[in-house]
Amino acid sequence: MRQRRIALVATISTALVTAGALALGAHRDATADQLVADARARLDAPFVEAPTLDRIQASTAISLLERARDLGRDDAELRGLTHYAEAIEDLQRGDLILAEGELATALTHLGETPDLHVLAAALSRGRLLDAEARREVEAALESAPDHARGRMLAADLALDAGDGGAARAHLDVLASLEPRCAPVWNRLGLAREQQGDAEGAEAAYRRATELDPLGQDPWINLGRLLRVARRHEDARDAFGEAITRAPADGGAHLGRGLARAATGDLEGAVADFERASELVPNDAEPLLALGDLLRDLGRVSESVDVYRRAIEREDADAASWLKLGNALALLEQYDAGAAAFREAIVRAPELAAAHNGLGACLVHLNRATDAETTLEHAAQLDPSDPNPLMNLALLRERQGDRDAARAAWQRVLDRAPGLAIAEARLARSS
């Protein structure tokens, strides 16, 4: 009897251990499943929270999937989601080659899904393969017409191409699907601008600022729009709002500097340009704006120094060399000015203003034949610009040939009827 009782106890103990193991296994499986579901939720984040792939919490999803694998789950879904998340993380870091490898592996586990088509489109866009990117987006939207991130990327590709109408078609759909998403309204402003609808663009940017009180991009776009419309005080205020939200945004400081300069606040403009140049140390634009302001204030020697600083940042930028050449010409440093204009021409051979500047310097250097050839070429490059023909007319005057000068000034008037200086010079040469 005692032996039978011992056997019964052993049987019960074994059963309890087995049941416990089964329960523990079921708990581990349920936990792993929940971790995978949580990871997928991160990757399928609501559009308002993550309207573009760079906003998705891919690293968090990867951590959740790794924990699920540690609990024993290892199937096609987990592996596919892991590679998908790692591809997004690579994209966010800018490593497109690694991202493409991860995407290829994700496709073997998950098949072609709208999400993977959108990721493939984003990678192609990053490699400047816009036609391929559009094909991938079209494939995503063909199977999932309401795929919000797919439509957002399609709109971005259209904006890149300057096709405001196509961008607006996607963004109008998104605005109806996700009316409280600020980036949609910000992009809608860009699309309306491209269509020439300044009023509609302003309304869209202002709606974006209401939906995202902390974001600076809509304020920067609004400021730029208002500056183009010569509403400089309003532009200054808009850029100021952007700076309040993002004090380290160089573009916001540059925009406010330009608006301040237009309203006569020159000291504030100089401060903004200097701050912008500190915040974006590889960008020549703030220094070019500062140089232009100093030049316009008559501080031409200082502007030359600033233009040279800009060239140190972006040597390949023809505009910097052009501005430097113009400033040197104002200082009557014609040899140095001619050298700067030649550097601009090397970088932009069709830049008519550089040829005109070089021709003007050659006039002052008494190299009449070279000046004439250069100025005629400038006039051909930009038939709407009267300046090369005016410089040719001045060359004829320097040569003392009244008939040639009169004919040259007539050419200027034929190109720019009513130009006062040409009319006065023509009358003087008659």
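Colleague: Why is Asp403 called exposed?

Modeller: Exposed means over 50% relative accessible area, buried under 20%, and partly exposed in between (1.4 Å probe, protein chains only). Asp403 has 53% relative accessibility, so Asp403 counts as exposed. This is a predicted model: local features need pLDDT of at least 70, side-chain atom pairs count only at pLDDT 80 or more, and totals for chains, interfaces and linings use all residues. Residues are numbered from 1 along each chain as its sequence is written, and side-chain values use heavy atoms, without hydrogens and water.

Colleague: What makes Arg406 and Asp403 a salt bridge?

Modeller: A salt bridge needs a side-chain nitrogen of Lys or Arg within 4 Å of a carboxyl oxygen of Asp or Glu. Here the closest N and O atoms are 2.5 Å apart, so the pair qualifies. Both residues lie in helix H22 (residues 402-415), three residues apart, about one turn of the helix. Helices are DSSP runs (H or I, at least four residues), numbered from the N terminus.

Colleague: Why is Arg396 called buried?

Modeller: Arg396 has 17% relative accessibility.

Colleague: Which residue does Arg396 meet in a salt bridge?

Modeller: Glu372, at 2.8 Å, N to O. The pair links distant parts of the chain, 24 residues apart: Glu372 is in helix H20 (residues 368-381), Arg396 in helix H21 (residues 387-398).

Colleague: How do you know that Asp44 and Arg40 form a salt bridge?

Modeller: Their closest N and O atoms are 3.9 Å apart. That is within 4 Å, so the pair counts.

Methods
Helix = DSSP H or I, 4+ residues; strand = E, 2+ residues; numbered from the N terminus.
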